[in-house]
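Here is a short briefing on the structure shown below. The points are grouped by topic.

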Amino acid sequence: MASPWITLVIGLLMTFVYLVMSFGDTPYEPFVEFLFISVPGLLLFMGVILNLTAWSVYAVMDRFSTRRISPESVGEMDESVLLPQDSAIRTLKDAGEWFERMGFSPRIYGEGIEARHGRYGILPGIVLRTGLSLLMLSALMSHHMRQSQEAVVAEGGAVNVIVTGELFGMTVEPLKIDAGLPQEYLDLGKVSFGIDKISARMSVDGEEFTVSGGYPTSAGGIYWRVIHLGYAQPVEYGGAVVSLMLDVFPPGNASAHNLKMSGGQVYEFRLAPERAIRKGLITGDVFDLSTPRYELSPRGKKGGRIKVRAGETVVIDGSKAVFGSPGYYVRLLAVRDPAMPLLSAGFFLTALGILLMIARLFWYERRMAAVMHEGRVLMGYSEEFYSKWGIYKFRKWTAPLL
Amino acid sequence: MLSSFLPILRESIECVLLLALLAGHPSAYDRRRILFAGTALGLVSGVLLVYVPAFSAKSPGIQHWIILRYISEALIFYSGLLLLMLRTTMSRAEQRHAPAAVLLLLGFLLFFFEAHSAALYIQDLTLVESRGWVYSGAVLGILLGFALLALMVGKLPALGLQRFFTPASLLIAVGALQFITGGMGEVEDGDILLSLQQGLQYLVEHIVGHVQSLLMITQHGFISTPLSGLADYLREERMSTALTVALVMLPPVLAMVKVFSRPDPEVRGMEVAAERRLKVAFFRREMISFSAPLLMSFMLLTISLHAVNASVNPLREPEPIPVMESDESPGAIVIPLKDRIGDFTDGQLRKYIFYSGNTRIIFLAIMKPDGTVGLALDECEICKPAEWNTSALGYAQRGEHLVCKYCMSPVAIPTVNEPGGCNPIPVPFEIEEDDIVLRLDDLVRVHEAAQKLEKKGTHF
């Protein structure tokens, strides 16, 4: 089972299938469906995983098993030399001492002696293959077992409108959302708006935990992550208070909302700049992010633009609307996936394996062996890589013995 | 007639030369009739697929034909790698006859797609030209091509191709040549290496996105995501370029490694020094012979990859805009930062030409990433193209760099205005309100000084 050839054949088959699918416009999605759902695809995919695993097992067994040293096995090494009878080395004991002088520690295996360096050089390959196997297996599991749900939740502002969500049958209540936004933001027309530290303290069915925009948080068997942020702007009109989820980040982005008081007219909300400043030759707009000012423009109409700051009252289509202090809303992604720990482990091991593989440039096995043959000592030498230079080295070492 | 004769002759010669390369190798020469039979089969099938309505009606579109041709070319190229892996040594004694089925397939693949494209071309040509002349030209082109083959066949063994090619390196070389000569430019528009790079770019982007989605760290427009830097790096074009280079160079490089990793023969037991030297010399000569076609493939592929890279990242060189002395500011040229011609904040290179008497002075201006302006002559202190190559003087823009058109050195845009090296020669200027103000005295003085420089650039 364990063979790079099998991996090559499976790889070629996969390439063939992918090429067939590339006749369509988007080959990746159907290719993933083929691998994860169809029987031939699953056989190929599992074939790769099993082969990678078996390859590692075979490598360990090969490297750490005791092998019989015979004249034939020594003769098959990269280079071997049958020492003359009048050589300084006439017995295996002499050969063992010579091995030690060359920096090799010999051990007796059957009729001969053998010394190895770099036996653990297979470790990077094992780590990489294990990581890839885990990643592939967990990707397959995840494809079939993952359940994802999203919900928008918002913290209360001055008018205390809290929007709760329901995920996997649990009520999700935001306790505090910290967006880590600066008071002011200077927009220079380039993509520079970014939120580094966003955290949302949540209460899910009584259990409290913090979810961030970074790595997912595990709680109650579910993985949580913040995947979007905006202002939750409370607006009071006609005696009712609603919280508008304004998707106005980054500044310039328009968020459309139907203000019912204005006969169903849809308004586009944008953050309005406080002032313009110059930096070098570029003009930039400064936005107040703590007490934002919005520009409302009626969709499909020219003119009629309204500017209003949070905390102010404005008249829209003849009706008075009170804009309260805004809070934040976040969109939460909740995932129930038993393969998540495997995915993380697989990713970590794959990354580690790739880094460790660099060590293979100088971390490889070198073997020296000797056995008695026709009353003389037969010595052999092999290197896992760079065998040409290994052969030259061995010839140089053995030249005085001939 | 010429419009069909010349392209068909060109394609025939290309295919025939590749065929001769294959047929001339000892592993195929004794069975060359099978190879030629495959060729005939490919030729006839390609033509029939176009001219027999029952086939042509079901035939896929030209884009699909191009993909199939790419697969065929890749098959030949990578079969060399496969052969290399299957055969553990490179000894001549190892050279055996190629299986008949393989020869038949090779002959077929060499001609099938070319014949199909040529037939499509001829079919189109008959719509606008006399059928008789078009067909006569095409048949003549094919006959001349094959006449060349007929002349060569008997002499092929004398070429001694086995001295240079192992079967693996032969397939790699033929594959590499097909990458360049494959297809008919008159019918198809595309390049296998460019398609490979674009395909890999698509694949890498999707795999990275898939892994991010699995790990729940899908990138967001403004919320910073873990490992997004790594994901961006992997998604960059340079990654797909690196993968393309690795994939394409793998067969010739591995074949070269195989050639050069053989140690010199053991000569310690040989008594006569001359014999020892002869044995080592023979071995090294063989190594050089074997490496020659691989080096050629390597070079051809390098050039092709470079062409692909250049087509993906083209040099952008704007036409110089004529400028004159300003009426409002006598003795100066005034260039608005924003006018009907464009806005400097787009970061694009702009060139201007000013006539000082009979002297043409070309200078460039660009807005740097920090919002300041760089202004300089369109020449440097070093490079001096020959008289016949004056179009290589000056700079063009490639992405975030200016590139000297002569020595192709990239110049970081933030360093424009800094003298030295291959940087453009800076010219003093001022920014007044929203205009660049350039004193004519300064421009002429710097230009004259630049012409007096003893430029050393002699390479081209």
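**Overview**

The centres of domain 2 of chain B and domain 3 of chain B, taken over C-alpha atoms, are separated by 40 Å. These belong to a division of chain B into domain 1 (2–190), domain 2 (193–312) and domain 3 (321–452). The model is predicted, and the predictor gives the complex an ipTM of 0.88 and a pTM of 0.80.

**Chain B: overall form**

- The secondary structure of chain B comprises 13 helices and 13 strands.
- Chain B is more spread out than a compact globule, because its radius of gyration is 29 Å, well over the 23 Å that the globule rule gives for 460 residues.
- Taken along the principal axes, the box filled by the C-alpha atoms of chain B is roughly 85 × 75 × 60 Å.

**Chain B: confidence**

- The average pLDDT of chain B is 86, and 96% of the residues score at least 70.
- Residues 89–94 of chain B have a pLDDT below 50. Beyond near neighbours in sequence, this stretch has eight contacts in the model.

**Where chain B touches chain A**

- On the chain B side, 27 residues are in contact with 37 residues of chain A.
- Helix 5 (62–86) and helix 9 (192–214) of chain B are the elements that give two or more residues to the side of chain B that touches chain A.
- Helix 9 of chain B gives the most to this side, with four residues.
- Sorted by class, the side of chain B that touches chain A holds 15 nonpolar, nine polar and three charged residues.

**A three-stranded sheet in chain B**

- An open sheet of chain B consists of three strands in the order 8-9-10, with antiparallel pairing.
- Its edge strands are strand 8 (395–398) and strand 10 (410–412) of chain B, each of which pairs on one side only.
- On average, neighbouring strands of this sheet are turned by 35° against each other, direction ignored.
- Three bridges join strand 9 (residues 401–404) of chain B to strand 10 of chain B in the antiparallel sense.
- B:Val403 has B:Pro410 in strand 10 of chain B as its bridge partner.

**Chain A: domains**

- Chain A is assigned domain 1 (4–144 + 340–401) and domain 2 (147–336).
- The distance between the centres of domain 1 of chain A and domain 2 of chain A, taken over C-alpha atoms, is 56 Å.

- Strand 2 (residues 107–109) of chain A pairs with strand 3 (residues 112–117) of chain A in the antiparallel sense, over three bridges.
- The bridge partner of A:Tyr109 in strand 3 of chain A is A:Gly112.
- These two strands of chain A, strand 2 and strand 3, form a hairpin with two residues between them. In the turn, A:Gly110 has a positive phi of about 60°.
- Strand 3 of chain A also runs antiparallel to strand 22 (residues 366–373) of chain A, and five bridges join them.
- Opposite A:Ala115 stands A:Met368 in strand 22 of chain A.

**Chain A: a four-stranded sheet**

- Four strands of chain A form an open sheet in the order 13-14-17-18, and the pairing is antiparallel.
- Strand 13 (255–258) and strand 18 (306–309) of chain A are the edge strands, and each pairs on one side only.
- Direction ignored, neighbouring strands of this sheet are turned by 30° against each other on average.
- Strand 17 (residues 293–298) and strand 18 of chain A run antiparallel and are joined by four bridges.
- A:Arg293 is placed opposite A:Arg309 in strand 18 of chain A.

**Chain A: backbone details in loops**

- A cis peptide bond, with omega near -10°, leads from A:Phe249 to A:Pro250. A:Pro250 lies in the loop between strand 12 (240–246) and strand 13 of chain A.
- A:Glu374 has a phi near 50°, a positive value in a residue other than glycine. The loop that holds A:Glu374 is the one between strand 22 and strand 23 (376–383) of chain A.

Methods. Residues are numbered from 1 along each chain as its sequence is written. Chains are lettered from A and ligands numbered from 1 in the order in which they are written. This is a predicted model: local features need pLDDT of at least 70, side-chain atom pairs count only at pLDDT 80 or more; totals for chains, interfaces and linings use all residues. Domain bounds come from an automatic or database domain assignment. Two residues are in contact if their C-beta atoms, placed from the backbone, lie within 7 Å. Ala, Val, Leu, Ile, Met, Phe, Trp, Tyr, Cys and Pro count as nonpolar, Asp, Glu, Lys and Arg as charged, and the others, Gly among them, as polar. Two strands pair if DSSP finds at least two bridges between them. Axes are lines fitted to C-alpha atoms, for helices over the stretch in contact, and angles run from 0 to 180 degrees between N-to-C directions. pLDDT is the predictor's confidence in each residue, from 0 to 100. The radius of gyration is taken over C-alpha atoms; the globule rule is 2.2 Å times the number of residues to the power 0.38.
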